[in-house]
Amino acid sequence: MTALDDSDTAAEARSPGLTYQDLLDADTHPVPDVLRLESPRYLGSGDVPIERYISREWHRREVDQLWSRVWQFACREDHIPEPGDYIVYDIAELSFIVVRQADGSIKAYPNACLHRGRQLKEYDGHCSEIRCAFHGFAWDLAGNLADVPAAWDFPHVDQRPDDFTLPECSVDTWAGFVFINPDPDAAPLDEHLGEIVEQFEVWDLGNRYVEAHVSRIINANWKIAQEAFCEAYHVNATHPQILTYLGDINSQVDVWDRCARVITAGGTISPLLDYEVSEQDMLRGMLDVRVDQEAPLTLQEGQTARAVAAEMSRDRWRPVAGDMVDQMSDAEMMDSIDYTVFPNMHPWGAFNRITYRFRPNGDDHRSSIMEVFFLSPFTGDRPPPAAEHKLGVDDPWTDAPELGMLAKVFEQDVFNMAKVQKGLETTRKPGATFSNYQESKIRWLHALLGEWVSNTTDTPVSVGTRS
Ligand code: FES
Ligand SMILES: [Fe+2]
C-alpha cells in the first residue's frame with residue numbers, strides 16, 4: 001500500500017488495471033460527453049467523527065440546520081398530476097403537504113393546522129380544500145383560510161388574516177422530481193442542483209414513470225444506509241458473487257461542487273480476482289445462470305460479454321424506449337452511473353432506472369427509511385406511478401419481486417447496516433476512516449454536511465475540507 005501525503009491527488013490513487021475511460025474507448029457505440037468527464041477530487045484524509053452517526057444531539061442539529069433549510073426530493077410530479085392531488089412528505093419529525101394547484105403549479109405547506117396544530121393530512125390523496133379533521137378549519141388549495149366553523153367565536157382570527165394563511169415552503173421541480181425546501185426564502189433549486197442539471201440532459205429523466213417504489217425501515221442512521229450505496233469498494237466482501245463481471249475497485253469517482261458520482265462498469269472483471277474469467281462465464285454471471293443450467297447463448301469468437309449484454313439490454317428496452325437505444329453506448333446500457341445530490345438523493349444515469357432516497361425514520365436517529373424508485377421509459381400515455389410498497393424492518397427486500405435481481409443484492413447491503421450502527425456505538429475510535437479516492441463521494445457528503453450543521457460538540461477529529 002502506498003502512503004499518500006496531502007500533495008498527492010485522488011487522480012493518482014487509482015486501482016491498477018483498466019480504467020473506466022479505457023473501457024469507454026472500446027465501446028461499440030459513441031459515448032456521450034457526460035461519461036468522458038473526469039473530476040477526481042482529493043478531500044483530505046481525515047476521519048469523520050462518529051458523533052454524526054450515533055449522537056442524538058447531532059440528529060437534533062441536522063433537523064434544525066439541515067432538514068429545515070435544504071432542498072429535498074419530496075415526490076415525482078406524476079404523484080400529484082391533478083389540481084387537489086397532494087402527498088404528505090415527512091422528514092425526521094417534520095411533516096409537509098405538497099399540493100397541486102388549480103393552475104398546475106405546486107405549493108407545499110407545513111402539515112399543521114393554524115388553529116390548535118393538528119396535522120392537516122395523514123395520507124396522500126385528493127381534496128378540493130384542506131380541512132382539518134379536529135374542529136373543521138379549512139383552507140383553499142392556495143392556502144387561504146376559507147372556513148372557520150362558528151366564526152362568530154373567532155373575531156381575533158379575522159383580525160390577523162396573515163397569521164391564518166398557510167405558510168409556504170419553497171417548491172421547484174427538476175426532471176420530473178418535485179423538490180421542497182421548508183425555508184420560504186431558499187436560494188433557487190438550480191443553484192443547489194448545480195452541475196447535474198446539464199449532465200442529465202442526455203438522459204431525460206422527466207420522461208419516465210415510477211414503475212416501482214419500495215421502501216424499507218433500516219436499523220441504522222440514515223447516513224450509514226446511504227453511504228453503503230456510495231462506493232463499490234464493499235463489493236468484494238459484501239457481494240462477492242458479482243466480482244466476475246463487475247469492475248468494482250476501478251470505478252470512476254467524480255466530485256463536483258454540487259453533485260458527485262461513482263461509475264462502476266458491468267461486463268468487466270474485478271481487478272481483485274487473481275484468476276482468469278472467460279467472456280462466456282462473465283455472461284453467465286451477468287444473466288444469473290445457475291451452475292446446472294445452459295446459458296441462453298454462446299459467445300462467438302471475438303465477442304465480449306459486455307457488448308453482447310449491452311445489445312440484449314437494447315433489445316429489451318427498444319419496445320418502450322424506441323430507436324434511441326440504438327444511439328446509446330454499451331456503457332449507458334450496462335454501467336451503474338450513480339449520482340448523488342446532497343443530502344440524500346441518488347438518481348442514476350442512463351438505463352439503470354434506480355433513484356434512491358434515504359431519510360431519518362421519524363425522530364429516531366438510529367433508524368432510517370431507504371427507498372428505491374425505478375424510473376422507466378414508456379410508450380403512449382404515461383402509466384400511473386406505482387404505489388409505495390412498504391417493507392418493515394424484518395421484511396426482506398426479496399418480498400418485493402418488482403426489484404428483480406437487485407433484491408438479493410440489497411439484502412446483502414442491509415445485512416451490514418445495523419451492525420455498523422452497533423459497532424459505531426461501541427468503538428473507542430473517534431472517527432470513521434474513508435479511502436481517498438473510492439470513498440471520496442462519502443467524504444464530499446460529509447464536507448457538505450459539515451458546512452450545513454455546526455460542529456459545536458464535535459470531537460477534535462478533522463473532516464476533509466474541499467480543495
Ligand atoms: S386543530 Fe385544526 S381545526 Fe382545530
Ligand atoms: Fe452493495
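These are working notes on a predicted model of a single chain.

1. **Overall dimensions.** The chain has 467 residues, for which a compact globule would have a radius of gyration near 23 Å. The chain has 24 Å, so the value agrees with that rule. Along the principal axes, the C-alpha atoms fill a box of roughly 85 × 55 × 40 Å. Buried residues account for 41% of the chain. Of the contacts with a separation of 6 or more, 64% link residues 24 or more positions apart.

2. **Secondary structure and domains.** The chain contains 14 helices and 20 strands. The domain assignment gives domain 1 (13–53 + 204–452) and domain 2 (72–185). Their C-alpha centres lie 35 Å apart.

3. **Contact between the domains.** Domain 1 gives 14 residues to the contact, and domain 2 gives ten residues. On the domain 1 side, β12 (209–218) and β17 (354–361) each supply at least two residues. β17 has the largest share of that side, with three residues.

4. **The largest nonpolar core.** This core has 117 residues. Within it, A74, V98, I180 and A225 touch the most other members. Strand β18 (residues 364–376) makes the largest contribution, six residues. The core takes at least three residues from each of domain 1 and domain 2. In general, nonpolar side chains in soluble globular proteins tend to be buried together.

5. **V98 and its surroundings.** What does V98 contact, leaving aside its neighbours within four places in sequence? The list is A74, C75, I80, Y86, I87, Y89, I106, A108, V178 and I180. Two of these partners, A74 and I180, are themselves among the residues that touch the most other core members.

6. **The β4–β5 hairpin.** Strand β4 (residues 94–100) and strand β5 (residues 106–110) run antiparallel and are joined by five bridges. V99 stands opposite K107 of β5. The hairpin has five residues between the strands. G104 takes a positive phi there, near 90°.

7. **H79.** This residue sits in the loop between β2 (72–76) and β3 (85–91). Is H79 buried or exposed? H79 counts as buried, because it has 20 C-beta neighbours inside 10 Å. That is just at the cut-off, since a residue is buried if 20 or more other C-beta atoms lie within 10 Å of its own. Apart from neighbours within four places in sequence, H79 is in contact with I87 and P385. The C-alpha atoms of H79 and G176 are separated by 9.9 Å, although the two residues are 97 residues apart along the chain.

8. **A three-stranded open sheet.** The strand order is β7-β8-β9, with antiparallel pairing. β7 (130–131) and β9 (145–147) are the edge strands, and each pairs on one side only. Two bridges join β8 (residues 138–139) to β9. W139 stands opposite L145 in β9.

9. **Strand β14.** Why does β14 (residues 259–264) count as largely enclosed by the rest of the structure? Six of its six residues are buried, so the strand is largely enclosed. C259, R261 and I263 point one way. A260, V262 and T264 point the other way. In general, side chains in a regular strand alternate between the two faces of the sheet.

10. **Partners of β14.** Strand β13 (residues 252–255) runs antiparallel to β14, with four bridges between them. These two strands form a hairpin with three residues between them. D254 stands opposite R261 in β14. Strand β15 (residues 336–341) also runs antiparallel to β14, joined by six bridges. In β15, I337 is the bridge partner of I263.

11. **Helix α10.** Six of the eight residues of α10 (residues 279–286) are buried, so this helix is largely enclosed by the rest of the structure. The buried residues are E279, M282, L283, R284, G285 and M286. They pack against α11 (305–321). After α10 comes D288, with a positive phi near 60°.

Technical notes. Residues numbered from 1 in each chain as written. Chains lettered and ligands numbered in written order. Predicted model: local features only at pLDDT ≥ 70, side-chain atom pairs only at ≥ 80, totals over all residues. Core = buried A, V, L, I, M, F, W, Y, C linked by C-beta atoms within 7 Å. Buried ≥ 20, exposed ≤ 12 C-beta atoms within 10 Å, placed from the backbone. Domains from an automatic or database assignment. Contact = placed C-beta atoms within 7 Å. Pairing = 2+ DSSP bridges. Rg over C-alpha atoms; globule rule 2.2 N^0.38 Å.
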